[in-house]
Every structure is written in C-alpha cells, then in structure tokens.
Amino acid sequence: MSGILASMIDGLLIGSVYGLAAMGLSLIWGVMDVINLTHGSVIALGMFGMYILFAAFPVNAYFLLLPILAAGLLLGLVIYWISVHWVIGRSQLSSLLSTFAVNMMIIGIGTAIWSTSPYNVNFTLRGFTVGDYTFTGNHIAAATAAVIIALALELFLYRTRPGKAIRAVADNREAAELMGISSTMVLALAFAIGIALAASSGALVSTLFPFTILSGAGYQMKSFVVTVLAGLGKPLGALAAGVLLGLLEGAVTPFIAVSWIPLIEFGLFVVVLVAFPKGIFTRATA
Amino acid sequence: MKRLVLPIFLVVALFVTTGFAQNLTLGFTVSNTGALNVDSVEQLHGFELWRDQVNAAGGIKAGGKSYKIQFVSYDDESNTKRVQQLYSRMVLQDKADFLFSPYSSSLTATAAIVTEQYEKIMLTTGAAEGKTYTLGNHYLFQMFTPGAEYLKGVLDMLKTKDPKAAVAFVYEDASFSVAVVNPAKEYAQKLGFNVAFSEAYAPNTTDFSAIIDKVIASKSTVLLGGGHYADGSTLARQVYSHKVPLKMITLLVAPDSPQWGELGDAAVGVIVPSQWEPQTTFKAQYGPSGADFAKAYTAKYNTPPSYESAGGYASGLILQRAIEQAGSIDTAKVAAALNATDITTFYGRSKFATEANQHGLQVGHAMVLAQWQKDKSGKLVKQVVWPLAAKSANLVYPIH
C-alpha cells in the first residue's frame with residue numbers, strides 16, 4: 001500500500017470526526033444566526049465526560065456516547081438560557097461576546113478541576129493491517145460513530161416534527177410562529193442539539209488522542225473551516241466537508257511538513273470565503 | 001527565682017537552636033500545570049528532598065553560621081511569559097538569595113535573562129540546551145550534560161549493532177530537542193548511517209498519524225527523537241498502535257519518568273538517554289550515595305527517582321557545597337566556588353566551563369542509556385544498556 005493512500009485513509013477517518021464537530025457549530029449558526037464560541041470548550045468537556053465515564057464504567061467506550069449526548073443536550077439547554085436566549089435577534093456581536101464569556105467560564109472551571117495537564121482514555125480496539133500500515137480500531141470506530149450520529153441528525157431534521165420545526169424556524173422564524181411553532185422552544189432545542197454534537201465529537205477525539213481542557217480550541221478552528229466549506233445549516237454537508245478536509249490533510253502531508261497544515265487550511269478558509277461565500281456545496285445548486 | 005529557671009532555660013535553648021540559624025531563600029518556578037508538568041514536578045521533588053534533609057541536619061553551615069533553606073516557588077504553567085514575570089518577582093519582591101531553573105531548556109533560557117540581569121546565581125537543571133551558555137553569562141551553572149551529547153551514545157551503540165540501519169528523526173520543534181537532534185543528525189551521517197527521514201512537529205501535537213505514515217514510507221528501521229513527556233508518550237503510543245516496523249526507538253526525556261511504565265506494551269524496548277539512573281554507581285565524594293538517595297526518595301514519594309529528580313537534588317548539593325566552600329552566601333564568593341567546583345556526587349561528576357565563551361556549561365557529567373525491558377516476572381523495568389562498563393542488562397535489539 002502506498003504512503004499517500006494510507007495517509008488519505010487516516011485523513012478520511014479523522015475527517016469524519018472533524019465533520020461531526022462542525023455539525024454542531026453549523027446547526028446553531030444556520031438556525032439561530034449565533035456564532036457559538038462555547039463550541040471548543042464544550043468539545044473539551046465531551047473529552048473529559050468520556051474520561052470520567054470510562055473511569056467509572058470501563059466498558060466499550062463508544063457505548064458511553066449515549067449518556068454524553070444526553071448530558072450534552074442538558075448542558076446545551078443550560079447554556080442557551082444563560083447566555084443565548086437574551087441576545088437572540090440582537091447583533092451577532094452580542095451573542096459572540098456572551099458565548100465567549102461562557103467559554104472562558106468553562107475553561108476557568110475546567111482548569112481549576114483538571115489543570116491543563118494531558119489526560120488519556122485508555123481504551124483500545126483492535127485495528128487491521130495492510131502491508132506496513134495499520135489502521136487503529138479506535139479511528140475506525142470513531143469515524144463510524146461520527147457517521148451514524150450525523151445520519152441520525154439528518155433523519156431527525158427531515159423525518160420528525162421537532163426536526164421539521166427547526167428547519168422551519170431556520171427558514172423563516174415569523175412564518176413558523178404564525179404556523180403555531182414556538183420559536184423559543186425550537187431555538188433552545190437546536191442549540192442543545194448543537195452542543196450535544198460538539199460534546200460527542202470531543203468524546204470521540206478523547207479515544208484517539210490525549211487532551212487537556214484547552215484542546216477544544218484547535219477543533220473549534222477546524223470546525224470554522226469546515227462550516228465555511230459546507231455552508232451554514234447543512235449537517236450532512238458539514239460531515240462531507242469534514243471528510244474533505246481530512247482527505248486534504250492526508251493528501252498533502254506526505255509532501256510537506258505537518259506543521260504547514262494549519263497554513264494550508266486557513267488559506268483554504270480565506271479562498272472559500274471569497275470565492276464561495278455560501279459554501280462549496282451551495283454554489284452548484286444556486 | 002526557681003520559677004524563672006525553666007522559662008529562661010527554654011528561651012536560651014530556643015535562641016541557641018534557632019536564633020543563630022538564618023534563612024536562605026531559594027526561588028524557582030514549577031510547571032504544576034501545562035505540558036511540562038510530569039518532568040517538572042519530579043525535579044521539584046528532588047529540590048524538596050534535598051531541602052528537607054539539609055534543614056533536618058541543621059541547615060547549610062558556612063562561615064560559622066547556619067542557614068535554613070526556605071523555598072519560594074510559583075506555577076509557571078509551562079509558559080515562558082509567566083517565567084519572565086515570576087523570576088523578576090522572586091528576585092525583586094521575594095528577595096531570593098539564589099535561584100534554581102524552571103524545567104526545560106525553553107523556560108530556563110527565559111529565566112536566565114532575568115537572573116543575569118539582576119546578577120543572581122542560578123543553577124540550571126532539567127535544561128540541556130547549550131546555546132544559553134555561549135551568551136556571556138556569569139551566574140548561570142548547568143547541571144545537565146549539554147544537548148549535543150544526548151544522542152551520540154545511541155548512535156555509537158547502534159553502530160556496533162546495526163551499521164546499516166536507516167534512521168528517522170522525529171522531534172519536537174522546541175529549543176531543547178532541536179539542540180539535541182541537529183548535532184545528532186550530523187553525527188549519524190559522519191558514522192555512515194542513512195538518515196532516511198527527519199521532521200520536527202509542533203510542541204502541542206497529539207495526532208502523529210501523518211508523521212508515522214511518512215516514517216513507514218521512508219523505510220526507516222530506527223526512530224530517534226521526541227521532546228518531553230506529553231508528546232513523547234503520545235508518539236510512543238501511536239507508533240505502537242500503528243505497529244510501525246521499527247528495530248529501535250529512542251526518545252528524549254519522557255521514557256525516563258517512572259510513569260512511562262503505565263504505557264504498558266507501548267513502553268517496551270524504548271530507550272532514553274539519561275543523566276542518571278539508580279543503577280549507576282558513582283563513588284560520592286560529597287553527599288549521599290546513589291542507593292541512599294534512591295531509598296530516601298522512594299520512601300518519601302512512593303516512586304523511584306527519575307533523572308529529573310536526581311538533577312534537582314544534585315543542584316541543591318552542588319549549591320550547598322559551594323556555599324560551604326565560600327564560607328558565605330555572598331554571590332561573588334559563591335560564584336567563585338562554583339567556578340572551582342569539580343566534584344563527584346551520587347549524580348556523577350560536576351564541573352562547569354569557566355571560559356568566557358561557554359561559561360557555566362556542564363563539562364564534567366556523562367550520560368548513560370536506559371531501555372525499558374520486561375524482567376523475568378514480566379514486570380516493566382528500566383535497565384542501563386550503555387556504556388557497556390555501566391550496563392545492568394544487555395540491549396534488546398531489534399525490539400520486535
């Protein structure tokens with residue numbers, strides 16, 4: 001097996017997790033017009049959630065995603081009522097600042113509890129080997145879980161009443177309210193789902209790499225790139241864009257030093273913002 | 001009158017036992033948080049054990065006085081900006097008489113700017129980069145063997161085992177590891193090795209998949225590099241989980257920590273260039289023997305000492321001896337005594353360069369190589385495998 005192919009498969013696997021992380025950001029941004037700056041710290045909380053649950057219940061770590069998703073929903077509702085509800089409809093700067101404040105609080109509390117030293121979830125699944133290259137079971141399981149969660153969200157948004165209500169509010173809040181949809185409840189639900197997605201992506205990352213309470217920041221930046229690539233409010237688009245970003249990383253790294261990757265990613269970010277302001281998946285249908 | 005005898009006796013006794021003892025303030029920062037946490041706290045434990053033993057014995061005796069050691073220390077968060085603020089604070093507000101370095105070459109280089117500016121003596125430990133000593137400093141004294149020597153022993157050993165090995169260098173993009181790897185690359189080429197791959201990674205890297213794929217593609221058979229504990233342990237875990245077909249892995253710093261054993265099978269076979277190991281037996285001219293140090297350390301902290309711990313304790317010993325030799329805590333006199341130091345402690349020989357172009361550089365101390373191996377009961381232990389004269393077990397090569 002060639003090095004480039006192996007590198008691209010690795011990129012594809014981790015890209016799915018980037019995609020899942022970005023789905024949370026994209027959903028909130030698209031439905032509520034709120035740039036959620038608690039995204040990174042919630043990803044980190046998801047990592048610690050997995051760490052704590054796995055220490056208490058050393059079962060297959062991926063089964064623990066369900067309680068983490070549930071806790072993420074609750075946390076999302078709490079953050080919504082603390083910092084977002086009051087600034088809905090105001091300028092984006094208000095929600096940016098209020099979610100940034102909550103972000104700093106989470107990081108402050110997290111640093112006090114866990115310090116900024118690295119933690120590991122010591123769970124390993126057997127992988128498979130092709131020639132000299134081995135793909136770890138954890139990477140495969142994390143990518144699979146990310147895709148399952150993304151598909152479940154897509155089904156929820158398109159096949160259930162609350163899901164359709166979220167899409168209706170995203171399209172036209174006033175019209176949705178005239179149809180009897182409580183936009184406040186719908187916005188709270190959308191925010192909670194976005195937070196749960198971020199937490200679950202953090203939980204998946206924690207099974208792959210060591211982490212600290214500050215680790216979410218890097219994934220938050222990647223989520224911005226993915227969201228801009230995909231366009232707002234398109235969950236499956238975000239997953240596809242995440243996979244694309246992972247593949248790009250995988251394809252490029254055999255030829256350049258890994259430390260150049262952020263430069264390439266943010267170069268792409270700027271190019272897409274300028275050339276495809278509605279995302280690369282929107283232009284084709286526009 | 002009889003009633004007064006006891007109180008007067010107690011007051012006099014108190015005066016005799018503590019009245020003449022003065023306090024000597026030693027300042028340093030510790031990375032209680034951040035990426036350098038594991039190694040830094042081990043170094044702190046070395047400082048603390050030395051302080052407690054010296055104070056229990058009545059303090060440092062110099063010029064007819066006794067000096068009890070008190071520490072002033074802060075969390076530097078593994079951050080150079082904090083180091084700059086905190087070393088200034090320790091000199092100006094806390095009035096530290098002497099300083100120990102923080103852990104790591106990067107933080108120490110920053111601290112050294114402050115201590116030199118205020119003409120304060122700083123013994124550096126846990127900091128091997130040699131460049132800082134070429135800048136014309138006068139009050140800086142290095143306890144660790146300089147970085148350029150770290151990987152030479154491994155390459156010499158590899159030459160005897162497998163002169164055709166293809167070498168990959170994968171290392172942290174930080175001042176210490178760069179200072180170690182650059183001369184090692186030159187030395188490897190000089191010895192005739194094929195340097196098949198070389199890449200530095202960002203200090204906070206957690207995903208090594210891309211670099212590991214490149215190592216495999218380069219057909220390297222030996223990996224040398226790493227940096228500190230957080231990145232080194234992650235790199236070893238991922239090399240193991242990706243089943244990279246390597247015959248030898250040598251990483252800087254991280255595998256020396258007793259915590260390394262917690263990596264399980266990923267720890268096996270990994271080699272670390274070490275400043276000191278409990279198995280090394282130097283005949284101490286001053287201070288405790290290696291066995292006594294290791295015993296006291298293990299009793300206090302329930303874990304065997306790493307070389308960072310030994311470096312911390314030895315820094316205290318060398319400073320203590322210099323103060324005793326100087327008969328004073330005057331900076332100029334103690335600096336002169338440090339310049340004249342050439343002594344063997346449990347940690348090995350310590351001697352500082354006195355030439356202006358490398359003043360304070362460690363020129364007396366020699367390193368060993370330790371490898372994590374399984375003993376007969378299957379327990380992971382660290383064995384000295386190089387130099388052959390000091391070995392406690394044979395090198396396992398190849399590891400798979």
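Which residue follows H7(B) with a positive phi? Lys219(B) does, with phi near 60 degrees. The model is predicted; local features require pLDDT of at least 70, side-chain atom pairs count only at pLDDT 80 or more, and totals for chains, interfaces and linings use all residues. Residues are numbered from 1 along each chain as its sequence is written, with chains lettered from A and ligands numbered from 1 in the order in which they are written.

Chain A has 12 helices and two strands. Helices (H or I, at least four residues) and strands (E, at least two) are DSSP runs numbered from the N terminus. The order along the sequence is α-α-α-α-β-β-α-α-α-α-α-α-α-α. The radius of gyration of chain A is 19 Å, close to the 19 Å given by the globule rule for 286 residues, so chain A is as compact as a globular protein of that length. This radius is taken over C-alpha atoms, and the rule is 2.2 Å times the number of residues to the power 0.38. The C-alpha trace of chain A spans about 60 × 45 × 35 Å along its principal axes. Of the 286 residues in chain A, 50% are buried. A residue is buried if 20 or more other C-beta atoms lie within 10 Å of its own, exposed if 12 or fewer, and partly exposed in between, with C-beta atoms placed from the backbone. Among contacts in chain A between residues at least 6 apart in sequence, 77% link residues at least 24 apart. Contact here requires C-beta atoms, placed from the backbone, within 7 Å.

Chain B comprises 11 helices and 15 strands. Its radius of gyration is 22 Å, close to the 21 Å that the globule rule gives for 400 residues, so chain B is as compact as a globular protein of that length. The C-alpha trace of chain B spans about 90 × 50 × 35 Å along its principal axes. Buried residues account for 54% of the 400 in chain B. Among contacts in chain B between residues at least 6 apart in sequence, 67% join residues at least 24 apart.

Two domains divide chain B: domain 1 (11-145 + 280-358) and domain 2 (149-274 + 367-390). Their bounds come from an automatic or database domain assignment. The C-alpha centres of the two domains of chain B lie 29 Å apart. Their contact takes 19 residues from domain 1 of chain B and 21 residues from domain 2 of chain B. Helix H2 (37-56) and helix H4 (105-117) of chain B each supply at least two residues of the domain 1 side. That side has seven nonpolar, eight polar and four charged residues. Ala, Val, Leu, Ile, Met, Phe, Trp, Tyr, Cys and Pro count as nonpolar, Asp, Glu, Lys and Arg as charged, and the others, Gly among them, as polar.

Two elements of chain B illustrate its burial. Eight of the nine residues of helix H7 (residues 209-217) of chain B are buried, so H7(B) is largely enclosed by the rest of the structure. Among them are Ile211(B), Asp213(B) and Lys214(B). In strand S10 (residues 248-252) of chain B, five of five residues are buried. Met248(B), Thr250(B) and Leu252(B) lie on one side of S10(B), with Ile249(B) and Leu251(B) on the other. Strand S9 (residues 222-226) of chain B runs parallel to S10(B), joined by five bridges. Strands pair if DSSP finds at least two bridges between them. Gly226(B) has Leu252(B) as its bridge partner in S10(B).

The contact between the chains takes 23 residues from chain A and 22 residues from chain B. H1 and strand S2 (133-135) of chain A each give two or more residues to the chain A side. H1(A) gives the most to that side, with five residues. By class, the chain A side has nine nonpolar, 11 polar and three charged residues.

The largest nonpolar core holds 210 residues, of which Val17(A), Leu20(A), Ala190(A), Leu99(B) and Ala236(B) touch the most other members. Such a core is a set of buried Ala, Val, Leu, Ile, Met, Phe, Trp, Tyr and Cys residues joined through C-beta atoms within 7 Å. H1(A) gives the most to this core, with 17 residues. Beyond four places in sequence, the contacts of Val17(A) include Ala142(A), Ser201(A) and Leu204(A). Ala21(A) lies in helix H1 (residues 3-32) of chain A. With 33 C-beta neighbours inside 10 Å, Ala21(A) counts as buried.

How values were computed: Two residues are in contact if their C-beta atoms, placed from the backbone, lie within 7 Å.
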